[in-house]
Amino acid sequence: KLLSFDLKLGKQPAHYSLSPQVTLGSANGNAFPVEVNGGVVTMLAPQIEIVTKNLDYGHVPVRGTYSAYMELCNTGTEPLEVSALQFSASEFSATETAFTLAENESKVVTVEYSPVAKGAVNESVTVVSNAINGNAVASLVADPYMVNELQVVGADGVSFSEVTVQLVMDNMEPIAGMQVDFELPEAVEYVEGSFAATERAAKHTATSTLKNGALSLLLFSTSNATIDAGSGTVATFRLRLVGNEGMYYINPSKVILGDADAVNVVSAYNGGY
C-alpha cells in the first residue's frame with residue numbers, strides 16, 4: 001500500500017464507483033504505462049421511495065369498500081424494514097402493514113377505503129420504517145356520496161285499461177321532498193288525481209300538474225317532515241293505456257330529492273316501461 005485517504009459518507013445510499021486516473025513517473029520525469037483497477041464505495045443504508053404518492057378513490061358511494069394500490073420501493077443498499085402504516089382517518093386500512101424489502105425490491109400494498117359519510121376527503125398514510133430518509137407519506141383523496149335514487153317501476157295492461165306506476169326511492173339520507181317530471185308518450189294518459197303518497201311518505205302531501213302532456217309530480221311537507229332512510233315505494237300514480245300495443249318508456253326528468261336543508265341530494269334515477 002502506497003497511500004490511503006478517508007471519505008465522509010452522506011445520506012444518499014448507493015454504490016459509488018471510483019475510477020482513478022494514475023500517472024507513475026520515473027526520476028527523470030518519464031511516465032510509465034499503468035494498469036488501473038477501479039473500486040466501489042458503498043454507502044450502507046435502507047432508503048424508501050413511494051412510487052404512487054397519490055391514491056385517488058374517485059366519486060364513490062358510502063357504505064362500500066374500495067381499493068387503491070400504493071407501490072413502495074427500497075432504493076437503498078440495506079434491507080428496508082417497514083414497521084407500520086399509519087392512517088390519518090379510520091376509514092382507511094391495509095391488511096399488510098409490516099414487511100421487509102431487499103435492495104431495489106418493490107412492493108404493492110393494497111389500501112382499502114370504507115366511507116361512512118359524504119363530502120370531499122383529503123387524508124394521508126405514513127409509512128414508518130428504518131429508512132435513512134425517514135418516514136414517507138402518501139395522500140389519500142376521495143369524493144364519497146350518499147346514494148339517493150328514484151326508480152320508476154314498469155307496469156303492463158291491455159288497451160284502454162289503467163295501470164299503476166310505482167315510484168321507488170332508495171335513500172341513505174332523510175328526504176324532505178320529491179319532485180319529478182315526465183313527458184308522457186302519446187300512447188298513455190295520466191289519470192287526474194291519481195298521484196298519491198304511500199305509507200312510507202304518510203306525512204307528505206302529493207300534488208300533480210298536467211300541461212300539454214307534461215306531468216309534474218310533487219311530494220312535500222309543510223312541517224319539513226322527512227322520509228326516513230331506506231328503500232321502498234314512496235308514491236304511485238295511474239296511467240290509462242290508449243295506444244297500440246308496444247313498450248313505451250316513462251322517462252323521469254328534473255328529478256329533485258331534497259333534504260331538510262332544501263339541497264337536492266339525488267344521485268341517480270331511472271325510468272320504466
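Mentor: The residues lining the largest pocket divide into 15 nonpolar, 7 polar and 2 charged. In this grouping Ala, Val, Leu, Ile, Met, Phe, Trp, Tyr, Cys and Pro count as nonpolar, Asp, Glu, Lys and Arg as charged, and the others, Gly among them, as polar. Please note that this is a predicted model, in which local features need pLDDT of at least 70 and side-chain atom pairs count only at pLDDT 80 or more, while totals for chains, interfaces and linings use all residues. Residues are numbered from 1 along each chain as its sequence is written, and side-chain values use heavy atoms, with hydrogens and water left out.

Trainee: What is the volume of the largest pocket, and which residues lie nearest its centre?

Mentor: On a 1 Å grid over the protein atoms alone, a pocket is an open set of points with protein on both sides within 12 Å along at least five of seven lines, and lining residues have an atom within 4 Å of a point. Points are joined across faces, edges and corners, and the volume is the space filled by probe spheres set on them; the probe is 1.4 Å. Here the volume is about 340 Å³. Of the 24 lining residues, A155, D156, L241, G246 and Y248 lie nearest the centre. Two or more lining residues come from each of β14 (148-153), β15 (162-171) and β21 (230-241).

Trainee: Which residues line the second largest pocket?

Mentor: Among them are L2, F5, P20, E35 and N37. This pocket holds about 260 Å³ of space, and its lining has 9 nonpolar residues, 1 polar and 1 charged.

Trainee: In what order do the 5 strands of the open sheet lie?

Mentor: Strands are DSSP runs (E, at least two residues), numbered from the N terminus, and two strands pair if DSSP finds at least two bridges between them. The order is β6-β13-β12-β8-β10, with mixed pairing. At the edges, β6 (54-56) and β10 (99-101) each pair on one side only. Within the sheet, β12 (121-129) and β13 (136-142) are antiparallel over 7 bridges, and V125 has A138 in β13 as its bridge partner.

Trainee: Is A45 buried or exposed?

Mentor: Buried means under 20% relative accessible area, exposed over 50%, and partly exposed in between, with a 1.4 Å probe and protein chains only. A45 is buried because its relative accessible area is 6%. A45 lies in the loop between β4 (39-42) and β5 (48-50). Leaving aside residues up to four places away in sequence, A45 touches P13, G76, T77, E78 and I132, where contact means heavy atoms within 4.5 Å.

Methods: Helices (H or I, at least four residues) and strands (E, at least two) are DSSP runs, numbered from the N terminus.
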